[in-house]
Amino acid sequence: MMTLSIWIKRRIPASTAMIAFCVCAAAFCAAQTQTSAASFGPDNPFYAPSTLPFLAPPFDKINDSDYEPAMDAGMAQELKEVDAIANNPAPPSFENTVVALERTGQLLDRAFEAYNCVTAANLDPELEKVQAYEAPRLAAQADAIHLNAKLFARIKSIYLKRQSLHLDPESLRLVEYDYQQFVKAGANLSDDDKAKLKKLNEEDATLENTFMSKLLAATEAAAYTTTDASTLAGLSQAQLEAAAEAAKAHKEQGWRIPLQNTTQQPDLTDLTNRDTRHAIFENSWSRAERGNTNDTRSTIARLAQLRAQKAALIGYPNYAAWDLTDQVAKTPDAAFHFMDALAPAAAANAASEAKDIQALINSQNGAQQGGFTLEPWDWEFYSEQLRKAKFDLNESEEKPYFELNNVLENGVFYAAHELYGLTFKERHDIPVWQPDMRVFEVYDAEGKPLSLWYCDYFKRDNKNGGAWEDVLVNQSKLLHQLPVVYNVANFEKPAPGQPALLTFDDVTTMFHEFGHALHSMFADTEYPSLSGTQVPRDFVEFPSQFNEHWATYPAVLAHYARNYKTGEPIPPELAAKIMKSQTFNQGYEFAEILAAAELDMQWHTLPANASLQDPDKFEVDALKKKDLWIRDVPPRYRSSYFLHIWNEGYQAGYYAYLWSEMLDDNAFRWFEDHGGMTRANGDRFRQMVLSRGNTEDLEKMYDKWLGGTPTTGPMLKFRGLKEGN
């Protein structure tokens, strides 16, 4: 996924560890930062721009204690810069208002982007305290800027006369973007309503941080632990060693299986002990619903209510209606219509797959042998057996051909070279936030430095679940900045001395996140607010999902799929099985994602006068309403641990993964129809789409590149689905 990060003065809506807008007016905010700002000086590593290549953060010099004073000083400085723009006695112009605003907050950006990175990827108790302290303050910064009446008056005056200013297309887009974001943030409200909005935003920001803290603690506490090796029958030696290392890291005896932030867990595929599978599934399903201090249900119920109230204050019937105004879909009705059209195919194919799994269970465990009804904790285990039977394929056979570093250099990098002419040189002189990371300098086809790219791939308990991309430095011609980009994942770290062998799902994740990275690397815009991945949520996943297709492209697969011991290429018959298996179990996978997307949209279409919801009841009712309450197919994320929508900026936007999938499958079909993986096709895609950021209307941009309007047909085809059985 693309984490949605907040550039305080710019990106209100959409992008990395979303903190929501919050509290106070500029005077209060400035007063609150005086103490920390006063302690900020030249010894702080954020005091001046980095002297490292690409302005990369000096992580070897940054201590946890450096973030708070740097961000507080950065907020104070940014408010001073904004105040100077708002009170400029000269008549408002594009240069002295809109461009000037783009230049503000550079100290805050330096500190925040590094802070945003480490709090998501390498959190510790001290940083957790900083996070709790800064969340409402960072959000307050957005209010202090977007609710500044004098600043908005200048922007509005430029917006109203924009057509007579003879601006270039990107500058015109920036004027329209800024005006839309200020209006969306409540700039047109009365002073009384602005005060109400600030209070709602303050509580929202605080609760989002509360949710994150509870979920991290709940997920860690819900890890499956055991001292009985027999309960882990079916796991490989490498998996057992990793589990033993995890236990040792927690000073525990035996084995520890941490949870990832999804409902289903990877080890359920291999565990033969049904009681163990059940226990791990229940730990996952109920992790944040145990009635203790880590229970998130009251937090999310209030968050949903707050968001609805905020939308109503600004003039919208619900949060989704407010939020989607700057998305490609535009309205909740459009998103619902899109998802509703997909639900029958998802449910029908999932039901068909469930019958096949039940038949397998019955054949192995007849009535005399204690046969049982399929449960969610059985699905992964028995579907993997079906996959093996249908394709004569198993993960232990696949994994030796997917060693992580080889996949990276001879797969991910190779595809980028063939499509776009990129080359990569590893750098060992760039400081990192975790010792087992790698850093590469990226060059374009002419040998010109393009970007710096980091990868942090291994699972840690102090790392957010899932995988994501973000930037440490955003591309901008105005600011003379090239992008510094990073990918983070949660792959199992091997025991010391062992290779990191991946599942093919992990391989796909690497290609996906690198697709986001390419979107950031190729950014070629003047203004930072419109650069790279700073696009609507229902477009931002398109380049990443499109990049997944190259993982199975025959020429690419043959180049990286090699046995880590012998160097032998993957046998053609095994490669063919992997290719064919990509449509296996897609009814299940499609249904679990669609169920999560429906849950999100229904949470965020609650009206402002709705009472506090009971999350458990709401979840069941919401899915039954859409015929997606499928006994054996739980949603990919339950409401109580749906990190995307309660803390990461995807509220009213999880449908974006499916919407973007429609775009990416149509795009790959275009490549197939025009010669496949060629530099000409790659360069055209880079020039017309990947480099343009948010500098033009994205729907028109896409249609112009595609030469038509996308449909759901390629999406269903690539998933191997149909409208029924």
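The legends below accompany several close-up views of a predicted model.

In this predicted model, local features need pLDDT of at least 70 and side-chain atom pairs count only at pLDDT 80 or more, whereas totals for chains, interfaces and linings use all residues. Residues are numbered from 1 along each chain as its sequence is written, and side-chain values use heavy atoms, with hydrogens and water left out.

**View A. The largest nonpolar core and the surroundings of Phe402.** A nonpolar core is here a set of buried Ala, Val, Leu, Ile, Met, Phe, Trp, Tyr and Cys residues joined through side-chain atoms within 4.5 Å, where buried means under 20% relative accessible area, exposed over 50% and partly exposed in between, with a 1.4 Å probe and protein chains only. The largest such core holds 194 residues, and the members that touch the most others are Tyr67, Phe402, Trp453, Tyr454 and Tyr560. Helix H13 (residues 332-364) is the element that gives the most to this core, with 13 residues; helices (H or I, at least four residues) and strands (E, at least two) are DSSP runs numbered from the N terminus. At least three residues of the core come from each of domain 1 (53-188) and domain 2 (222-287), the bounds being those of an automatic or database domain assignment. When residues up to four places away in sequence are not counted, Phe402 touches Val407, Ala500, Leu501, Leu502, Phe504, Val507, Leu557, Tyr560, Ala561, Ile570 and Ile578, a contact being heavy atoms within 4.5 Å.

**View B. Asn406 and its polar contact with Tyr560.** Asn406, found in helix H16 (residues 404-420), is buried with a relative accessible area of 18%. A polar atom of the Asn406 side chain lies 2.6 Å from the backbone oxygen of Tyr560; a polar contact is a pair of N or O atoms within 3.5 Å, of which, within protein, one must be able to donate a hydrogen and the other to accept it, and residues adjacent in sequence count only if both atoms are side-chain atoms. Leaving aside neighbours within four places in sequence, Asn406 is in contact with Gly411, Tyr560 and Arg562.

**View C. Strand E7 and the strands paired with it.** Eight of the eight residues of strand E7 (residues 484-491) are buried. Val484, Tyr486, Val488 and Asn490 point one way from E7, while Val485, Asn487, Ala489 and Phe491 point the other way. Strand E5 (residues 449-458) pairs with E7 in the parallel sense over six bridges, with Asp456 having Val488 as its bridge partner in E7. Strand E6 (residues 468-473) pairs with E7 in the antiparallel sense over five bridges, and here the E7 partner of Asp470 is Tyr486; two strands pair if DSSP finds at least two bridges between them.

View D. In helix H22 (residues 615-625), the buried residues are Pro615, Phe618, Glu619, Ala622 and Leu623. They cover an arc of only 120° around the axis, and therefore lie on the same side of H22, the arc being that of the directions from the helix axis to the C-beta atoms. Lys617 and Lys625, on the other side of H22, are exposed. The buried residues of H22 pack against helix H10 (274-285), helix H11 (297-314) and helix H21 (586-603). Asp614 caps the N-terminal end of H22, with a side-chain oxygen 3.0 Å from the backbone nitrogen of Asp616.
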